[in-house]
Amino acid sequence: MGSNPTPSAMVSTDEGFMSAAIDQAHAAIAHDDVPIGAVVVRDGQIIAARHNERELTGDPTAHAEVLAIRDAAAVIGHWRLLECTLYVTLEPCVMCAGAVVNSRLARLVYGAADPKAGGVASLYEICGDGRLNHRPPVTGGVLAERCGRLLKEFFARRR
């Protein structure tokens, strides 16, 4: 008989994978991108890890989530990420929340809330909208303080 992780084991696992996303966020700073990182996990393993690259590439869609989802689909060989969880340091925007739904991710976990552009809980609830055909479970606030501090420090240095 298989075992389901206990809630405390899930929290520990969520924090571990969010730490990996935070490591990715730090990498964005090297090319002056907003420090947001994302990892996609399948069967307890990270299969994709990316950070924002809008400044680096000049691509307005080069958000960490979109890049990680693309990489994960390439690893799996299919666009449906049914057995995958996305961990991202900031609540996804509308575009990225749409990508979460359209890629059929099994679960979304994010760190800091985004009251100015959040498409999952703060401004919109795209991942929970009953009119859509896929509604992944969402866990917010994982290592939120660390995730938020990284963003605050980045923007403070830019001012």
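**Strands, a salt bridge and a pocket**

Me: What is the bridge partner of Gly-37 in E2?
Reply: The partner of Gly-37 in E2 is His-51. The model is a predicted one, in which local features need pLDDT of at least 70 and side-chain atom pairs count only at pLDDT 80 or more, while totals for chains, interfaces and linings use all residues. Residues are numbered from 1 along each chain as its sequence is written, and side-chain values use heavy atoms, leaving out hydrogens and water.

Me: What makes E1 and E2 a pair?
Reply: Two strands pair if DSSP finds at least two bridges between them; a strand is a DSSP run of E with at least two residues, a helix a run of H or I with at least four, both numbered from the N terminus. E1 and E2 are joined by 6 bridges and run antiparallel, so they meet the rule of at least two. Their hairpin has 2 residues between the strands, and Asp-43 there takes a positive phi near 50°.

Me: Why do E2 and E5 stand at the edges?
Reply: The open sheet has 5 strands in the order E2-E1-E3-E4-E5, with mixed pairing. Strand E2 (45-51) and strand E5 (138-139) each have a single partner strand, so one side of each lacks a neighbour in the sheet.

Me: Why is the contact between Arg-42 and Glu-83 called a salt bridge?
Reply: The term requires a side-chain nitrogen of Lys or Arg within 4 Å of a carboxyl oxygen of Asp or Glu. For Arg-42 and Glu-83 the N to O distance is 3.3 Å, so the pair qualifies. Arg-42 lies in strand E1 and Glu-83 in the loop between helix H3 (64-76) and E3, so parts 41 residues apart in sequence are tied together. By this rule the count is 7 salt bridges.

Me: What classes of residue make up the lining of the largest pocket?
Reply: The lining has 11 nonpolar, 3 polar and 7 charged residues; Ala, Val, Leu, Ile, Met, Phe, Trp, Tyr, Cys and Pro count as nonpolar, Asp, Glu, Lys and Arg as charged, and the others, Gly among them, as polar. Helix H5 (residues 144-158) gives the largest share, 4 residues.
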